[in-house]
Amino acid sequence: MSDSVNNQLLSTPQDFNFGPGEENALLLDCGRKLYEVNLRYEVYGKLSAKKDNAILIHHALTGDAHVAGKHSPEDRKPGWWDEMVGPGKFIDTDKYFVICSNVIGGCSGSTGPRSIDPATGKLYNLDFPVVTIADMVRAQKRLIDHLGIEKLLAVVGGSMGGMQSLEWGRLYPDMVKSVIAIATTSQLGSQSIAFNWVGSQAIRSDINFNNGEYTVNPEHGLATARMLAHITYLSDESMSRKFGRNLQDAESYSFAFKRDFAVESYLEYQGQRFVERFDANSYLYITRAIDYYDLANGGDLAEAMKSYKADLLVVSFSSDWLFTTAQSEVIVKAALANDLNCSFCEIESSYGHDAFLLEVDRLGALIRDFLHNQQEEF
Amino acid sequence: MSKKAVISPETTAEAIISRPDLRRMAELIEPGSRVLDLGCGSGEFLGFLKKRKNIRPLGVEIDADMVAECVKRGIPVIHGDLNSNLDYLQSASFDCVLLTRVLQELTNPEAVLKEVVRIGKRGLVGFINFGHIRNRWQLALAGRMPKNVALPHEWYNTPNIHLGTIRDFRDLCDSLDIEIIRSFPVGRDRSFLAANLPNLFAYACIFEIRNKK
């Protein structure tokens with residue numbers, strides 16, 4: 001990737017509100033309605049006069065709307081996909097209008113369990129309705145309508161972001177020219193549900209959790225959940241290479257239950273960094289949304305994708321054992337059964353699930369070229 | 001399975017037309033049809049057919065770099081190995097399935113040939129004829145495995161692990177209940193000989209096949 005023309009991409013978070021009245025409220029899969037919903041989002045680039053260059057990016061479990069650039073030049077770090085998105089980059093903001101919003105249920109500005117319930121004037125906490133991936137997408141659809149975009153050139157996402165992208169193609173087939181689904185799956189398998197359950201237990205059994213009515217973030221439980229999840233984002237190979245059996249600060253074992261190994265120290269660090277920026281209730285709600293996610297709705301995936309019109313680009317990574325190549329191939333098979341234009345590539349990588357954030361050059365080239373051809377056909 | 005050389009779009013059309021087997025295959029493809037190319041390489045041939053014949057293409061390719069080339073060309077492509085399961089491709093979902101000169105590189109050509117006629121209403125298979133006189137000549141006189149323009153490798157490093165003759169191919173189709181609708185021997189400059197004595201004078205042959213059942 002050539003250096004970007006101008007790395008001073010600045011973005012400002014914006015808010016979009018909807019659902020003050022009964023009719024405008026967001027009807028959720030659980031049957032309840034969400035009122036006075038806020039979506040915090042960011043945009044990059046300019047919407048073309050023909051409105052044919054809009055790309056909606058979906059963030060993963062713990063990501064947010066801040067995809068690229070900085071909010072101010074003093075920011076220490078740019079957005080989470082800054083290597084991918086920006087002027088002259090693979091998703092070129094000189095060419096495309098890029099949108100990303102925080103999911104509902106999250107803790108980065110969109111309505112979630114730590115928002116005020118308009119009915120009671122108090123925090124929702126565990127009174128917040130359990131939302132699904134499809135609910136997140138329905139909320140985003142309101143935003144896209146609000147922005148005056150009739151059809152998106154592409155919906156793009158990795159991991160949970162890929163689930164949302166796939167759901168967009170099913171729910172709003174006429175609004176999506178193409179779907180780019182990276183390191184994702186059409187339904188959560190029992191192994192992943194099991195990992196989420198352990199994380200959820202860790203949070204709910206934290207001494208500070210107080211049935212979600214905490215005043216202090218239940219850090220111990222949340223950090224434990226994060227450490228467990230973080231292991232599933234890596235691979236045996238990448239961990240062996242990075243840490244091996246290296247000891248952290250000592251020459252020999254402590255013969256006690258201290259942090260002896262480098263990998264233990266790394267996980268603790270990841271857990272601690274995470275609790276500084278993420279809310280425990282949101283973690284419960286979002287992992288629940290992922291647990292419930294099944295594009296096939298309990299039936300046949302090809303049947304569920306009958307409504308699909310979008311072209312697909314499906315990408316997996318060879319060492320990803322959370323959402324495997326075989327799971328991507330299930331999506332490909334269902335797409336081909338519906339005679340859709342579908343491309344699939346497995347990128348060779350040792351990074352595990354995290355490869356979708358790390359293998360930027362090879363993934364980026366695929367996305368750039370795919371988008372280019374999609375816009376030619378738009 | 002993949003041809004490593006990536007040719008620019010301008011030279012591609014000329015290169016394809018200059019290759020008699022591909023030129024002939026292109027003539028056999030219905031405009032506007034749904035075409036699958038197994039072992040499609042960088043998608044040159046499908047790109048050519050899309051442009052010239054307005055076909056709706058899909059490729060299958062094992063090499064990730066070639067897959068990326070297909071995506072660049074705007075050719076839908078599945079990254080996969082022809083030697084493993086192809087059941088993600090529905091029966092009779094393509095008007096035509098192409099297998100251009102890759103049959104001899106496959107672990108199990110028999111299984112793939114069955115897949116060609118399952119997935120496609122018809123198949124077009126390009127076949128290298130090991131029975132060509134030049135190969136026989138080299139083997140008979142030098143007593144060594146043939147090495148020439150069509151078969152440039154040594155016996156121990158060749159990707160061509162399943163070489164056969166035109167007669168062998170016909171026997172295999174027969175045993176698999178595959179009908180050979182038409183065949184088009186491809187010769188170099190002696191087209192008269194290739195047409196009449198293909199097993200001796202055609203260096204390759206295109207078979208148009210379908211399931212008998």
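Select helix α1 of chain A, residues 133-146, in this predicted model. Its buried residues are I133(A), A134(A), D135(A), M136(A), V137(A), A139(A), Q140(A), L143(A) and I144(A). Now pick G148(A), which follows α1(A). The phi of G148(A) is positive, near 75 degrees.

Next, select α4 of chain A, residues 219-233. This helix has 15 residues, which at 1.5 Å a residue should span 21 Å; the end C-alpha atoms are 21 Å apart, so the two values agree. Colour the buried positions of α4(A): G221(A), L222(A), A223(A), A225(A), R226(A), A229(A), H230(A), T232(A) and Y233(A). What lies over them? Show α3 (190-204), α6 (262-277) and α7 of chain A, which are among the elements that cover the buried residues of α4(A).

Keep α7 on screen and follow the chain out of it. The loop between α7 (280-292) and α8 (301-304) of chain A contains N297(A). Is N297(A) buried or exposed? N297(A) counts as exposed, because its relative accessibility is 60% and the exposed class begins over 50%. Check its backbone as well: the phi of N297(A) is near 55 degrees, a positive value in a residue that is not glycine.

Move on to the loop between α9 (325-337) and β14 (342-347) of chain A, and select L340(A) there. With a relative accessibility of 7%, L340(A) counts as buried, since the buried class is under 20%. Which residues does L340(A) touch, leaving aside its neighbours within four places in sequence? In chain A the contacts are M305(A), Y308(A), K309(A), A310(A), L312(A) and A335(A). From chain B, R34(B) and R56(B) are also in contact with L340(A). Draw a distance from L340(A) to M305(A): these two residues are 35 apart along the chain, and their C-alpha atoms are separated by 9.9 Å.

The next helix to select is α11 of chain A, residues 360-377. It has 18 residues and reaches 25 Å between its first and last C-alpha atoms, close to the 26 Å expected at 1.5 Å a residue. Its buried residues are V360(A), L363(A), G364(A), L366(A), I367(A), D369(A), F370(A), L371(A), N373(A) and Q374(A).

Zoom out to the whole of chain A. How many helices and strands does chain A have? There are 11 helices and 14 strands. The radius of gyration of chain A is 21 Å, close to the 21 Å that the globule rule gives for 378 residues, so chain A is as compact as a globular protein of that length. The C-alpha trace spans about 65 × 50 × 50 Å along the principal axes of chain A. Colour chain A by accessibility: 56% of its 378 residues count as buried. Its accessible surface is about 16300 Å², and carbon and sulfur atoms account for 49% of that area. Of the contacts in chain A between residues at least 6 apart in sequence, 73% join residues at least 24 apart. Show the charged side chains next: chain A has 34 positive and 50 negative ones, and the centres of the two sets lie 2 Å apart.

Now switch to chain B, which has 9 helices and 7 strands. The radius of gyration of chain B is 17 Å, close to the 17 Å given by the globule rule for 213 residues, so chain B is as compact as a globular protein of that length. A box of roughly 50 × 40 × 35 Å, taken along the principal axes, is filled by the C-alpha atoms of chain B. Of its 213 residues, 50% are buried. Chain B exposes about 10100 Å², with 53% supplied by carbon and sulfur atoms. Among contacts in chain B with a separation of 6 or more, 66% are between residues 24 or more positions apart. Chain B has 30 positive and 25 negative charges, whose mean positions are 4 Å apart.

For the last stop, select N54(B), in the loop between α3 (44-53) and β2 (56-61) of chain B. The phi of N54(B) is near 55 degrees, a positive value in a residue other than glycine. With 58% relative accessibility, N54(B) counts as exposed.

How values were computed
Residues are numbered from 1 along each chain as its sequence is written. Chains are lettered from A and ligands numbered from 1 in the order in which they are written. This is a predicted model: local features need pLDDT of at least 70, side-chain atom pairs count only at pLDDT 80 or more; totals for chains, interfaces and linings use all residues. Side-chain values use heavy atoms; hydrogens and water are left out. Helices (H or I, at least four residues) and strands (E, at least two) are DSSP runs, numbered from the N terminus. Buried means under 20% relative accessible area, exposed over 50%, partly exposed in between (1.4 Å probe, protein chains only). The radius of gyration is taken over C-alpha atoms; the globule rule is 2.2 Å times the number of residues to the power 0.38. Contact means heavy atoms within 4.5 Å. Accessible areas come from the Shrake-Rupley method with a 1.4 Å probe; for residues, only the protein chains shown count as cover. Lys and Arg count as positive and Asp and Glu as negative; His and the chain ends are not counted. The place of a charge is taken as NZ of Lys, CZ of Arg, CG of Asp or CD of Glu. The expected span of a helix is 1.5 Å times one less than its number of residues.
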